[in-house]
Amino acid sequence: MQSAAQYLTAALYKFVDLPDFVDLQAPLQACCEANDVKGTLLLAHEGINGTIAGTDAAIETVLAHIRSLPGCADLAPKTAWADTLPFHRMKVRLKKEIVTLGLPDLDPVADVGTYVAPTDWNALIADPDVVVIDTRNDYEVAIGAFERAVDPKTESFSAFPDWFRSYRADLEQQRGPDAPPLKVAMYCTGGIRCDKTAPWLRSLGLQVWQLDGGILNYFA
């Protein structure tokens, strides 16, 4: 239901194979500009990510354009209302990754983790055999975190792989050679970092669960 605020903000991402993403830039930029939508959208071979704002009708028009792209029909943005337009310009950027983990050969849609509904999350992370990892940056973790969550203390997402390799080596040395496979439960703000990280961890032979929709969905 629309509030008294007049501007709708939509945060969105979708991991999907977009081999022709360069050709999608200009039409998407034109659609946003024609509807006076502001914000930033990132396009890469692996999908789309960003946040945009405008009137209700304008945002719906742009979302319809994005949903018309290959594999994006089920795009489900997170929305909120604002009294003032939070952005001052519109930019559609081309990137190597829509969220930079620094593993260029990773396919984020090939082998995802197990999604856990917010209603089941507390029980999962209460299991002492499950390692809970916060994939956010240090300034985000400082706002608040789940109990037992391991803080990687990273300043950028691209630092996560090196941190995890070191953390895993130390942890498995403590657990010993006969310990069962490591179980990992991950979370982030809206889900995108876990969607990117889970396939990599699974390629390392780990069991991986992730909070569906991230902290935002958990709060909702």
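Predicted model: local features only at pLDDT ≥ 70, side-chain atom pairs only at ≥ 80, totals over all residues.
Visitor: What radius of gyration does the protein have, and what would a compact globule have?

Guide: The protein has 19 Å, while a compact globule of 220 residues would have a radius of gyration near 17 Å, so the two agree.

Visitor: What share of the residues is buried?

Guide: Buried residues account for 45% of the 220. As for the surface, the protein exposes about 11,300 Å², and carbon and sulfur atoms supply 52% of that area.

Visitor: Among contacts between residues at least 6 apart in sequence, what share joins residues at least 24 apart?

Guide: The share is 74%.

Visitor: How do I read a sheet?

Guide: The general idea is that strands of a sheet pair through backbone hydrogen bonds, either parallel or antiparallel. In this structure, an open sheet of five strands has the order β4-β1-β3-β2-β5, and its pairing is mixed. At the edges are β4 (78–82) and β5 (90–94), each of which pairs on one side only. From one strand to the next the twist averages 10 degrees.

Visitor: Which strands does β1 pair with in the antiparallel sense, and over how many bridges?

Guide: Five bridges join β1 to β4, and these two strands run antiparallel. One place to look is Y7, which stands opposite A82 in β4. Strand β1 also runs antiparallel to β3, with eight bridges between them. There, A11 stands opposite T51 in β3.

Visitor: In what sense do β2 and β3 pair?

Guide: Strand β2 (residues 38–44) and strand β3 (residues 47–54) are antiparallel, with seven bridges. In that pairing, A44 has G47 of β3 as its bridge partner.

Visitor: Which helices should I look for against these strands?

Guide: Look for α1 and α2. Helix α2 (residues 56–67) packs on the sheet and touches β1 (7–15), β2, β3 and β4. Its direction makes about 165 degrees with that of β3. Helix α1 (residues 21–34) lies across β2, β3 and β5, and runs at about 175 degrees to β5.

Visitor: How do I tell whether a helix is covered, and how many residues of α6 are buried?

Guide: Helix α6 (residues 192–203) is mostly covered, since ten of its twelve residues are buried. Among them are I192, W200 and L201, and also R193, D195 and K196. Just after α6 comes G205, with a positive phi of about 90 degrees.

Visitor: Where is N137, and why does this residue count as buried?

Guide: N137 is in the loop between β7 (130–134) and α4 (138–141). Its relative accessibility is 5%, and buried means under 20%, so N137 counts as buried.

Visitor: Which residues does N137 touch, and which side chain does its own side chain make a polar contact with?

Guide: Leaving out residues up to four places away in sequence, N137 touches T154, E155, S156, F157 and R193. The polar contact, at 3.0 Å, is between the side chains of N137 and R193. R193 is also one of the buried residues of α6.

Note on methods: Residues numbered from 1 in each chain as written. Heavy atoms only, no water. Pairing = 2+ DSSP bridges. Helix = DSSP H or I, 4+ residues; strand = E, 2+ residues; numbered from the N terminus. Axes fitted to C-alpha atoms, helices over the stretch in contact; angles between N-to-C directions. Contact = heavy atoms within 4.5 Å. Rg over C-alpha atoms; globule rule 2.2 N^0.38 Å. Buried < 20%, exposed > 50% of the residue type's maximum accessible area, 1.4 Å probe, protein only. Areas by Shrake-Rupley, 256 points an atom, 1.4 Å probe, with all protein chains shown as cover. Polar contact = N/O pair within 3.5 Å; in protein donor to acceptor, adjacent residues only side chain to side chain.
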